[in-house]
Amino acid sequence: MPIRPPSWRLILIVLGLITLPIGVGTLWLLLTALFNQVHGLLPVGNINFGNWRFLWEGSINGRPPIWVALFNSILFAATVAFIEVLVASMAAYAISRMNFPGRRLYLGMILVLHAFPAVSLLIAIYYILRVLGLFDTLFGVILVKASLEIPLGIWLMKGFFDNLSWEMEMAALVDGASRWTVFRKVALPLVRPGILALGTFALLSAWGEFILPYTLIVSGKSWTLALYLQSFLRESFVDYGMMAAVGLFYALPVFVFFLLGQKYLLNIYSGGVKG
Amino acid sequence: MRGLRLFVALLAVFGLSLAQKTIVIKAWTVGPDDPSITRMTNLEEAVNRLNAVLEKENADYRVKLEASFDTTDWDNYLRRVLLAFQSGQAPDIVQASAAPLIGVWATAGFIAPLDEYVNRYPVFQLEVIPTLWNAVTFKGQVFGIPQDTEARPLYFNKTLLKKLGWSERQINDLPKKIEAGEFTWDDLLAVAKEAVAKGVVQKGYGYWHRPKNGSDFIEWYRAFGGTIYDNQSGKLVFEKAAAKRYFSWLKKAVDAGVLRADMLDGNWRNWHQNITDGKVLFWSGGTWNWAEWTQQWLKDKGGQDWLWANVGFAPQPSYKKGGKPVTLSSPQAYMIWSGSKNKEIAARILAFVTAPDLDARHAVGSGHLPVLKSTPSIIDDRFTREVSALLNYTTFQPLHADLPKWQEAFYRGVSAVESGGLSPDQAVEVVAAEMKRALKDELIVR
């Protein structure tokens, strides 16, 4: 018999109510993507796979093929996650373990960096990318996204490293291991849950990113799925069936990822070595 | 020996493929209406034709087109184009409304003058309808190749007029009466008022204009006797009397329950839906709407047949008896980015896209009007034929770099009057003051 918190039924109901809109929204997405027409949540007419024709027809009304957008999205999310985990874990280790002048100030400044929402920096970012010749390239947006997310990553990973006991590293150092070896062979494996959590977090965040690619990518060849989906939101006539299908296609990896990675995601709120 | 021959042949093929360059030309086009995708596909076809000619000429290069077609909305598209221009990464060919963008972009140095090419390729002089060159000429230089034009009719619902007691004949004569200046805006108001009173249409569904800002407001300002441009000084003009007439009419229409007070809600979906549900009596739209209704909104109701059975069109009436009706054309144009390294090739593509069959394909498919002289002779389409008559009443927007500021100020006046925030008199003063502030000595107030 699992241990349940007191009045767990009430908690379940409240949670259920909070989740209801998301559930209904997802259901609507599914029904609209599959049927000819949906009135509310009631399908009218036959099952219609025509809404999914973006999968087999190369280009829908002048848009780049969805596979290009999918590839770009995967490349974008994976690279951002990789850079973020790499930089954040190394920086966090250094901050957690080494004493250097200005460390506290540095930590404070990282926190300040995180306080800026990306939107407020857009114009400056545009100019910087233009000077670097990275405007309208996926690589440019990857750099921007990663650098905006790194402060949070550093703080998160610092928490994990802080929780490690110093003795094991000390022992390794006494045995003659270099600082780099200690980081790689001792510390990093111990914060594996943290890395997986941060990686999952970064991947999901980059997968859903819209405003950066929307502003910094202007030609179709570098479109991500978010831009592809946005192109269906029109001033007048909207093909809701296809939009729902694209939306579902866009959301599917997130569902899968969430199911596989939710236990790591929860780690963000605990952190450190257990037991 | 055979092996050697094969080797030589292979080498030759390899050598040829090395010698032949591929030049990539980028082109951005926009609807935002879906049916206008021919703005992009016509370019693709033009490049195919160009490549066929290059093959005959034994040229050492072929052209590859990377084209895109934007269907979101104008704001989004123009934002992208502007960012691309400013970052020096713009496409070689950009399609956009000739007015006011040619004025704005040529002033900023973003687009290249095309006079040299217009003179080089005879098709431009031979085929393009001469008046359209005015729409793409800025300060004496040609900056764009006309792509299409259109008219903006006053549409009316024939079925609802019948319900109101109009005879078949009266309905069919309405366009003629408007053309003759016998049916004015005040008459339209009276009819719409009657329709609301008799319950033929809901309150507020007697007359609709577009739900957000656009060049149509220039057309209505003109229909109420306004002049927008002074040819001699090259300045924009604001005529208080004309604006007051228009604003007062709008006020009367809102007060009479003919026009919705929240007409400017920006909701195109709602606009198309109600019109194609047959709930609106009179409305002002564009010829391209006809294609949108046919292909998208009325797909399940019979498409064009529904339109011919239920909808009629005429130019926008005059405000006074005996006055001339108007409509407005805002030609689209292909322009060439001033920073393009392949202007010559881009211009040659534009010469190939200026072909009657492609022009016809776009006109019929998207509800726009042809820009070439010989296109009408190969078109067999009732709507294109009938609606082309509206061009007799057409006007253009002035190519003035500050026109958007004029439009913005005027639109604020319209919006304030409809929502009841300002009286027509107050609105005229507010608009005049705002225009003076924004346009300074580029404006004449009369």
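User: Where does A:A171 sit?

Analyst: A:A171 lies in helix α6 of chain A, residues 166-174. Helices (H or I, at least four residues) and strands (E, at least two) are DSSP runs, numbered from the N terminus. This is a predicted model: local features need pLDDT of at least 70, side-chain atom pairs count only at pLDDT 80 or more, and totals for chains, interfaces and linings use all residues. Residues are numbered from 1 along each chain as its sequence is written, while chains are lettered from A and ligands numbered from 1 in the order in which they are written.

User: Is A:A171 buried or exposed?

Analyst: Exposed, because A:A171 has 12 other C-beta atoms within 10 Å. The cut-offs: buried is 20 or more other C-beta atoms within 10 Å of the residue's own, exposed is 12 or fewer, partly exposed is in between; C-beta atoms are placed from the backbone.

User: What separates A:A171 and A:V256?

Analyst: Their C-alpha atoms are 41 Å apart, and the two residues are 85 apart along the chain.

User: Switching to chain B. What is the strand order in the open sheet?

Analyst: β8-β11-β7-β12, 4 strands with mixed pairing. Two strands pair if DSSP finds at least two bridges between them. The edge strands are β8 (207-208) and β12, each pairing on one side only.

User: How many bridges join β7(B) to β11(B), and how many to β12(B)?

Analyst: 3 bridges link β7(B) to β11(B), residues 282-284, antiparallel. 4 bridges link β7(B) to β12(B), residues 311-314, also antiparallel.

User: Which residue stands opposite B:Y155?

Analyst: B:F313 in β12(B). B:L154 faces B:S284 in β11(B).

User: Are the faces of β7(B) covered or open?

Analyst: Both are covered. B:L154 and B:F156 are buried on one side, B:Y155 and B:N157 on the other.
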